[in-house]
Amino acid sequence: MTSWSTAAYLPWSCPPPECYVENKGEELIENLEVVTVPSPSPKRLPVKQYAVQSQLPVYEWPDVGSGEYDVGVVASFGRLLSEALILKFPYGILNVHPSCLPRWRGPAPIIHTVLHGDTVAGVTIMQIRPKRFDVGPILKQETVPVPPKSTTKDLEAVLSRLGANMLISVLKTLPESLNNGRQQPAEGVTHAPKISAATSCIKWEEQTSEQIFRLHRAIGNIIPLQTLWMNSTIKLLDVVEVNSSVLTDPKLTGQAVIPGSVIYHRQSQILLVCCKDGWIGVRSVMLKKTLTATDFYNGYLHPWYQKNSLAPPSQCRFQTLRLPLKKKQEKKIVAMQ
């Protein structure tokens, strides 16, 4: 079996580094060096930590070292690579991309897979091309079903292991894999842009309960969903589905509500929030500090009802938070996938 000299371009946050080291009994990689993107916190560099522990050379982009390599590997690196850099590798640079390209090209494919309710996900091993992301020939592609109610974190764990095994398979037969590469189809192209803080702002009048649940599963571990309570930003930390028995409660069905209306359900100890087509449940929130639904009721909802006893319940509501643009563009937030 051929042994390769490899440079791996990896992000500050990615699947566990040991995922990339398999089949230790086989001499597949003769030399491995690692390049990471800059990060303000060493704790956010698991790849770098693993490389240092394994006594692998590590460089910080744009420094890529001066060694000679056979092939490069990119995993959620988030930087366009120049043609000059790609040409330094006789076998080019491979990309481990967690989607079935050409679906979900871009930096946040797993987030968009969950956000849009895809039932099938996958990983593509492809060749990097200069100037554009995720457009190169496909060397290997595999699919997996998306379990119901999967979060981005859940799916990332599945796809990281799959991608690691696929990469090893491609490296074992690299010349043949490159010769058998196929161009991506022109149809079926979708894009997975970075998410922004504005993505987390719930639009109660526009979004259905299912859309809000997907949003929570997609980005809740990165940035909590946000809304507005009496001119203060409140974060919804634990969003849950509402039991059908709760929805038939006469106290709930007998009230005049509008999207955003908030009701405390004492028996289940959750906040019920009305959206476009139904209700979502919230077990805890962040308003100055973390509060359970019961805490929020005792500290905010109940006092509001006492102070506004003659006001209709529909006035007690969450409203859509509209974040101002910062400079020319909102700060983008994304989990490196």
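Is R317 buried or exposed? I looked up its accessibility and found R317 buried, with a relative accessible area of 16%; buried means under 20% relative accessible area, exposed over 50%, and partly exposed in between (1.4 Å probe, protein chains only).

I note that this is a predicted model, in which local features need pLDDT of at least 70 and side-chain atom pairs count only at pLDDT 80 or more, while totals for chains, interfaces and linings use all residues. Residues are numbered from 1 along each chain as its sequence is written, and side-chain values use heavy atoms, with hydrogens and water left out.

Entry on the whole protein. I recorded nine helices and 16 strands; these are DSSP runs numbered from the N terminus, helices being H or I of at least four residues and strands E of at least two. Of the 337 residues, 47% are buried.

Entry on the surroundings of R317. I located R317 in the loop between α9 (293-307) and β15 (318-319). Leaving aside residues up to four places away in sequence, I found that R317 touches E205, L228, W229, I258, P259, G260, S261 and V262, where contact means heavy atoms within 4.5 Å. A polar atom of the R317 side chain lies 3.1 Å from the backbone oxygen of P259. From C-alpha to C-alpha, R317 and L301 are 9.6 Å apart in space, and 16 residues separate them in sequence.

Entry on cysteines. I looked for disulfides, defined as pairs of cysteine sulfur atoms within 2.5 Å, and the structure holds zero. C316 is buried at 0% relative accessibility, whereas C100 counts as partly exposed at 21%.

Terms used:
Polar contact = N/O pair within 3.5 Å; in protein donor to acceptor, adjacent residues only side chain to side chain.
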